[in-house]
2 protein chains.
Amino acid sequence: VNLNLPAPNTTRIRLLVAYDGTDFCGWQRQSTTGTPSIQETLEKALSKIYDAPINCSAAGRTDAGVHALGQVAHFDAPRLMKTDLPWALRSVLPPSVAVKEAWIAPPEFHATLSATKKNYRYLVYNAPRVNPILGRYSYWVRDPQDIAYLNQTASYLIGTHDFKSFQSAGTPVRSTVRTIYHAEWRRVFHSNVLLFSVTGDGFLKQMVRNVVGTMLDLAKYGCDPQEMKRIIGEQNRTKAGPTAPPEGLFMRKVYYPLDLDRQCRKFYNDKS
Amino acid sequence: VNLNLPAPNTTRIRLLVAYDGTDFCGWQRQSTTGTPSIQETLEKALSKIYDAPINCSAAGRTDAGVHALGQVAHFDAPRLMKTDLPWALRSVLPPSVAVKEAWIAPPEFHATLSATKKNYRYLVYNAPRVNPILGRYSYWVRDPQDIAYLNQTASYLIGTHDFKSFQSAGTPVRSTVRTIYHAEWRRVFHSNVLLFSVTGDGFLKQMVRNVVGTMLDLAKYGCDPQEMKRIIGEQNRTKAGPTAPPEGLFMRKVYYPLDLDRQCRKFYNDKS
């Protein structure tokens, strides 16, 4: 029995969502903090459009300050409107949150549970002086970095490993084993911006930020890149490096099984 | 008699300044608005460092919401400190304003009066859906743009012309004749971002934004690119297009005579 199917007479809608996470407490609804969450912001906007309470689930709960270019969420619409939903949402969402696309999804589509792969990007601004424009969207590291060295450390992430060393405390999970398909640093267009791109079947709490913080620490102390392999083997958070700050992290893409993707369809005439 | 020379026993300091203009009322000190100006923010920080009132002049007064990657300013320091001034300023400036470099300048250096050329950039985000990350730093235009067309319209800007048609009201100037050395649109790395780069010996009030707004309007109405030439000839603001929004505009570089540049020197040991 799949308890996550839509209620009778509702339609499951899939959303592609982008946001600037700077002024949010993260994806998840939190009643305790004063800062709004992306989830409650989106739910409030959808509830206004449908004039009924709407709940949303997302592919991954991004932390406070983390951005998204391609977060995926779903909700169950009480009725079907022929309007351009992303366009309609513009007037009820703040400029820092945007729904880029909306589809009618098959009932078994679940933003969290159906996801098979995710891609994250982490931006490092690597220059002697701070840059106020990039400050919102990158981590400023003064010491000049060697991309080849960083890629050697990153290479040990690839494959199926127990990533317990890179899991921050707080959210219990059944297993800390994850598969990383791709992990690579590159310099963005000969600039001072370094980009770390990582794709995996799933990520532990703050895993990307912990991995980035560790790679940059190994570089700082001039360690052998193989140290990365040893740290993974330790399966102990205290053996790895610090958590890199949230402003450099972007949830870029979530992957779903092809047959689910194929069953998703637009329900409005795109204005563009 | 040059009234702009430093007072006795002071040293003229040249600064390279970058800022995110989003939350400022522009460069210039304004007592009337509640929002701070870049000028007063910088002056307050310098006054704290020198423990004396400091006044700053800049190469150009950017408008509210306009950003800078390479604004140039000068002030007269009451005494010479051997400290790394950009570094010291970090602790007294908000993260949205950064002094990237500081030099002892020759007494005759004047950020505004000595400037010979300026380069501005304007970013257009050209995609059907809004992008919350780029929203702070670009103008969102939905209709697909043709770079070749835009470049045809831009070509008529090059040379020495009376640019009265592109001058917003408010600041009287002796002459509305300016020389544009370079004006070109390009697509940034095959992305949805279009960049207009323009270099000239000077710019009238809101001239870059008025020029951009006009080029985009000509594109929108499918006009002959030669209309740009006619509009320049009209010497009438009402014949040109709207003022493009400030968030897309970046003051990128200010040029000074080579001999003045050569006389500028650092007065501290750079930490980097």
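A salt bridge is a side-chain nitrogen of Lys or Arg within 4 Å of a carboxyl oxygen of Asp or Glu. By that criterion, the count between chain B and chain A is four salt bridges, in a structure that is a predicted model. One of these joins Arg129(A) to Glu101(B), with 3.5 Å between the closest N and O atoms.

## Where the two chains meet

The size of an interface is often given as the accessible area lost when the parts come together. Between chain B and chain A that buried area is about 2,400 Å², and carbon and sulfur atoms give 65% of it. On the side of chain B, the residues that lose the most area to chain A are Arg129(B), Pro132(B) and Ile133(B), which together account for 31% of what that side buries. The contact draws 30 residues from chain B and 30 residues from chain A.

On the side of chain B that touches chain A, the elements that give two or more residues are β1 (11-19), β3 (67-77), α2 (85-90) and β4 (97-104) of chain B. Of that side, β4(B) supplies the largest share, with four residues.

In soluble globular proteins, nonpolar side chains tend to be buried together. The largest nonpolar core in this model has 74 residues, and those with the most contacts inside it are Leu85(B), Leu157(B), Trp185(B) and Phe196(B). Helix α4 (residues 207-220) of chain B contributes the most to this core, giving seven residues. Beyond its neighbours within four places in sequence, Phe196(B) is in contact with residues including Tyr120(B), Tyr122(B), Leu157(B), Trp185(B), Val211(B) and Met215(B). A second, separate core of 73 residues includes Ile38(A), Val97(A), Phe196(A) and Phe267(A).

## Individual residues of chain B

| Residue | Relative accessible area | Class |
|---|---|---|
| Asn131(B) | 11% | buried |
| Val254(B) | 7% | buried |
| Asn9(B) | 75% | exposed |
| Gln206(B) | 22% | partly exposed |

Asn131(B) lies in the loop between β5 (117-126) and β6 (139-141) of chain B, and it counts as buried because its relative accessibility is 11%, where the cut-off for buried is under 20%. A polar atom of the side chain of Asn131(B) lies 3.1 Å from the backbone nitrogen of Leu134(B).

Val254(B) belongs to strand β10 (residues 249-255) of chain B. Although Val254(B) and Thr116(B) are 138 residues apart in sequence, their C-alpha atoms are 7.7 Å apart in space. Leaving aside neighbours within four places in sequence, Val254(B) is in contact with Ala59(B), Gly70(B), Val72(B), Ala115(B), Lys117(B) and Lys118(B).

Turning to the backbone, Asn9(B) is not a glycine, yet it has a positive phi of about 65°. The residue Asn9(B) is placed in the segment before β1 of chain B. Gln206(B), also a residue other than glycine, has a positive phi near 60°, and Gln206(B) is located in the loop between β9 (193-200) and α4 of chain B.

Key:
Residues are numbered from 1 along each chain as its sequence is written. Chains are lettered from A and ligands numbered from 1 in the order in which they are written. This is a predicted model: local features need pLDDT of at least 70, side-chain atom pairs count only at pLDDT 80 or more; totals for chains, interfaces and linings use all residues. Side-chain values use heavy atoms; hydrogens and water are left out. Contact means heavy atoms within 4.5 Å. Buried area is the accessible area (1.4 Å probe) that two parts lose on being put together, summed over both. A nonpolar core is a set of buried Ala, Val, Leu, Ile, Met, Phe, Trp, Tyr and Cys residues joined through side-chain atoms within 4.5 Å. Buried means under 20% relative accessible area, exposed over 50%, partly exposed in between (1.4 Å probe, protein chains only). A polar contact is a pair of N or O atoms within 3.5 Å; within protein, one must be able to donate a hydrogen and the other to accept it, and residues adjacent in sequence count only if both atoms are side-chain atoms.
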